[in-house]
Amino acid sequence: MVSIKELPKEEYLLKGHAACAGCGAAIALRLLFKALGNKVFLVVPACCTTVIQGPYPFTSFAVPLQNMLFEATGATASGVAAALRIRGLEDITVVGWAGDGGTADIGIQALSGAAERETNFIYVCYDNEAYGNTGLQRSGATPYGAWTTTTPTGKRERKKNMPFIMAAHRVPYVATACPSYPIDFVNKLRKAREIKGTKYIHVLTPCPTGWRYDAGKTVEIGRLAVQTGIWALYEIENGRFRLNPPSDRLVDKSKRKPVKEYLTMQERFRHLTDADVQKIQKWVDEDWAHYQTLTSLERCV
Amino acid sequence: MAQIVIDTANHIAGYAAKAARVKVVAAYPITPQTTVVEKIAEFVENGEMDAEYIRVESEHSAMAACIGAAAAGVRTFTATSAHGLALMHEALHWASGSRLPIVMVVVNRAMGAPWSIWPDLSDSLSQRDTGWIQFYCADNQEVFDTIIQAYKLCEDQRVFLPAMICLEGFILSHTYMPVKIHDQEEIDAFLPPYKSGWVLDVNNPLTHANLVSPEWYMEFRYMIHSAMENAKRLIPEIDKEYGKRFGFQYGGLVDKYRCEDAELVICTMGTMGAEAKMAVDNLRKEGLKVGVARIRVFRPFPVEEIRKIAEQARMIATIDRHISFGMEGFLATEVKASLYHSDDNPLVVGFVAGLGGRDVTFKTIEGIAKKSLKWLEKGKVEKGTEWVDLRV
C-alpha cells in the first residue's frame with residue numbers, strides 16, 4: 001500500500017494533452033503512470049485516448065505507445081507480449097488501455113481470446129459509459145436510463161457486467177476502481193503488475209461532457225458513485241471476491257447514500273421518473289445482497 | 001545442408017517460415033490454409049522452430065497480433081484464405097500504414113456466398129489497395145523461395161511494407177512436389193536478423209499511428225507509394241541475388257517465357273502461368289508465335305515490363321482467375337492501364353477463367369490463344385471480356 005505522498009513525482013502523461021476539462025480518464029491515465037512508471041508498452045485502440053494524445057507530430061505520452069484498431073486491443077497486446085518475451089524485455093509491462101465501447105462491445109472477442117490464452121498483460125477498461133470520442137452514443141456499458149445521443153429518451157437495458165465476464169475467464173486478477181480513490185487504483189495496478197497472466201481492471205471514469213455535470217465535480221461524482229453503491233470497489237483474486245475500502249463498509253444498506261443523490265447530479269439522468277429511480281435503487285440493493293453472498297464463497301464464478 | 005523435401009506448398013510455407021527464423025506466428029484456421037499453420041505448430045512444439053505461436057480467436061486478431069509483435073520488434077508470419085483475409089481487411093491497411101514488414105501466405109480460395117473452398121484469386125485481389133506487396137506463385141519451390149525473398153524485401157529500409165505470398169488452394173496447397181530447402185547457414189547469410197525501423201526504448205518513447213491531420217496525411221500515403229516504387233526496383237535485384245546464391249530465379253516481377261518473338265503474349269498469374277507454358281510449347285509446335293508473361297508481382301504492378309512486352313507483341317490476352325463485377329478481371333484492367341500512354345499498342349483481350357476452382361488446363365489455354373489469334377487476324381477484338389467454358 002502506498003500513500004499519496006509516496007507516489008512518484010515523474011509525469012508520463014505530459015502537459016498539453018487534449019482531454020476535455022474535468023476528464024476522469026485523464027486522471028486515471030496520470031495515475032496509471034504514477035503506479036507503473038514508464039516501463040510500460042501501451043496499446044490504445046480507437047477511444048478518447050486517441051484524441052488525448054494530441055495529433056501528429058506531437059504526443060502527450062512519454063511511454064512507447066502503439067495506436068491500434070478499435071476491436072483489436074487484446075490481440076495486439078498478445079503480439080506485443082510475445083515479442084517482448086522473445087526479446088528478453090519482460091520487465092516492461094504491456095498495458096491495453098481501452099474505453100468501454102472498445103471493451104464491452106466491439107473489442108470483447110479479442111479481449112476474451114487474450115484472456116483465454118493467458119496473455120501476460122494488464123487490460124484497463126476506462127469506462128465513461130458511452131462512446132465518448134464519437135459524440136456520446138450508447139454502449140453496452142451505458143447504464144439503464146441514461147441519455148445518450150442514440151438513446152435520446154434514455155437507455156432501456158442494463159449495463160453489461162464486464163468484470164464478472166472477465167472473472168468467468170478464470171483470469172488471476174480482476175478489479176474495479178475509480179480515480180476518485182487514487183490510492184486504491186494505484187495499489188491495484190501495482191498488484192496486477194506482479195501477477196502473471198491476464199489482469200483486468202475496470203475503472204469508472206466520470207465524464208462531464210457526456211454525463212452533463214460541471215467539469216469541477218468529476219471527483220465528487222466518482223465518490224458518489226461509490227458511496228451510493230452504484231459502483232463498488234472490489235477485487236476478484238483467483239476467483240475470490242473481496243470488497244475494498246470504502247465499499248467494504250457499505251454492505252449494510254443504511255451506510256449507503258441513496259442512488260438518487262448520484263443520479264440527480266447528472267443531466268443525463270434528469271428525465272428519470274421516481275419509478276425509474278426506485279427501480280435502479282432496487283437493482284443496486286440486489287447487487288449488494290449478491291456481493292455479500294460472494295464474499296463468503298471460495299470462488300465467485 | 002540443403003535437402004530435397006517432397007511436400008505440399010502449405011507444408012513448404014511452414015518450412016520457409018522456419019528457415020526465415022520467424023519469431024512470432026499468429027494464425028487462425030481456415031480451409032485450405034490449415035496445413036500451413038499445422039506444420040508450424042509442429043515445428044514450434046518439437047523445438048525445431050524457436051518462435052511463439054499465438055493461437056488467436058479470429059483472423060482479425062491474427063493480423064492484430066502480428067502488428068503488435070512486429071511493432072515490438074520481431075519477425076512475424078501468418079497465413080489465411082478467402083473469408084479470413086476479408087475479415088483482416090481493416091488490419092491489412094493498419095499493417096501497411098504502420099510500415100510493418102509482416103509476411104503472410106494467402107492460400108487463394110473463392111469468396112462466398114455461395115460457399116466454395118476451391119481456388120480463385122478474388123480473395124487476395126480484393127485486397128489490391130491495402131498497401132501490401134503481392135506475389136503470386138506457380139509452384140512449391142517458388143513458394144519457399146518467395147517467402148525468403150519477401151522478408152529480405154519487406155525489411156529493407158527503403159520498403160518497410162508487408163507482403164502477401166499467394167498460392168492457389170489445392171492446386172498448390174495440397175499438391176506434393178519436390179522442393180529444395182536451402183542450407184540454413186546460406187539462408188541466414190542472405191537474410192540477416194530482423195532490424196526494425198525504430199527501437200523500443202522506454203527512455204526514448206515513441207507514439208505510433210496517432211491522429212494525423214490533413215496537413216500531413218497525404219505525405220504518409222505518398223511515402224507508402226514511394227516504398228512500392230522502391231520495391232518494384234528491388235524485387236528483380238533480390239531475385240537475381242537469390243538466384244546467384246541458391247540457383248532459383250523467377251524473372252523478378254514478370255516470369256517471361258518465349259516472349260522474344262511472340263505475336264501473342266498470354267498474360268496471367270499463379271499456376272495458370274505454369275499451365276500456359278505447356279500450352280505455348282504445343283502452340284509453337286503448330287508454328288504459332290505465342291509467349292507467356294506470368295505476372296509474379298501484382299503490387300507494385302510491373303507497368304514498365306508490360307510496356308516492353310507491348311513493343312514486341314501484336315496482341316496481349318489476359319487470363320484472370322478473378323472478376324471485378326461490372327467491369328472485368330483486374331489483370332485486364334491493369335494491363336490496359338499500363339499501355340494507355342504508349343503509341344502503337346497491341347490489341348488487348350481479357351478472358352475470365354477458373355473461378356471457384358474450375359479447372360484451367362493447358363488445353364483450355366490453347367483454346368484461348370487460338371481464339372485470340374483469330375481476332376488478331378481480323379484486327380478486331382469481338383468481345384472485351386470473354387468468360388471461358390461458361391455454361392449459360
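**Entry 1**

I began with a pairing in chain B, where Leu264(B) stands opposite Val290(B) in S12(B). The model is predicted, so I noted its limits: local features need pLDDT of at least 70, side-chain atom pairs count only at pLDDT 80 or more, and totals for chains, interfaces and linings use all residues. Residues are numbered from 1 along each chain as its sequence is written, while chains are lettered from A and ligands numbered from 1 in the order in which they are written.

I took helices (H or I, at least four residues) and strands (E, at least two) as DSSP runs, numbered from the N terminus. Two strands pair if DSSP finds at least two bridges between them. By that rule I looked up the partners of S12(B). Strand S11 (residues 264-268) of chain B runs parallel to S12(B), and five bridges join them. On strand S10 (residues 254-257) of chain B I found four bridges to S12(B), in the antiparallel sense. There Asp255(B) stands opposite Arg294(B).

I then followed the chain from S11(B) through helix H9 (residues 271-285) to S12(B), which together make a right-handed β-α-β unit. Right-handed here means that, with the strands pointing away from the viewer, the path from the first strand over the helix to the second runs clockwise.

Is S12(B) mostly covered or mostly open? Six of the six residues of strand S12 (residues 290-295) are buried. A residue is buried if 20 or more other C-beta atoms lie within 10 Å of its own, exposed if 12 or fewer, and partly exposed in between, with C-beta atoms placed from the backbone. I noted that Val290(B), Val292(B) and Arg294(B) point one way, and Gly291(B), Ala293(B) and Ile295(B) the other way.

**Entry 2: the backbone**

Most residues other than glycine have a negative phi, and most peptide bonds are trans. I therefore recorded the exceptions, starting from that general rule. Glu129(A) has a phi near 60° and lies in the loop between strand S4 (121-127) and helix H6 (162-167) of chain A. Glu129(A) counts as buried because 27 C-beta neighbours lie inside 10 Å. Arg170(A), also not a glycine, has a positive phi of about 60° and sits in the loop between H6 and strand S5 (173-177) of chain A. Arg170(A) is partly exposed, because 15 other C-beta atoms lie within 10 Å.

Pro300(B) is in the loop between strand S13 (297-299) and helix H10 (303-312). The bond from Gly112(B) to Ala113(B) is also cis, with omega near 0°.

**Entry 3: the contact between the chains**

How many residues does each chain give to the contact? I read 38 residues from chain A and 36 residues from chain B, two residues being in contact if their C-beta atoms, placed from the backbone, lie within 7 Å. H3(A) gives the largest share of the chain A side, 11 residues. By class, that side has 22 nonpolar, 11 polar and five charged residues. Ala, Val, Leu, Ile, Met, Phe, Trp, Tyr, Cys and Pro count as nonpolar, Asp, Glu, Lys and Arg as charged, and the others, Gly among them, as polar.
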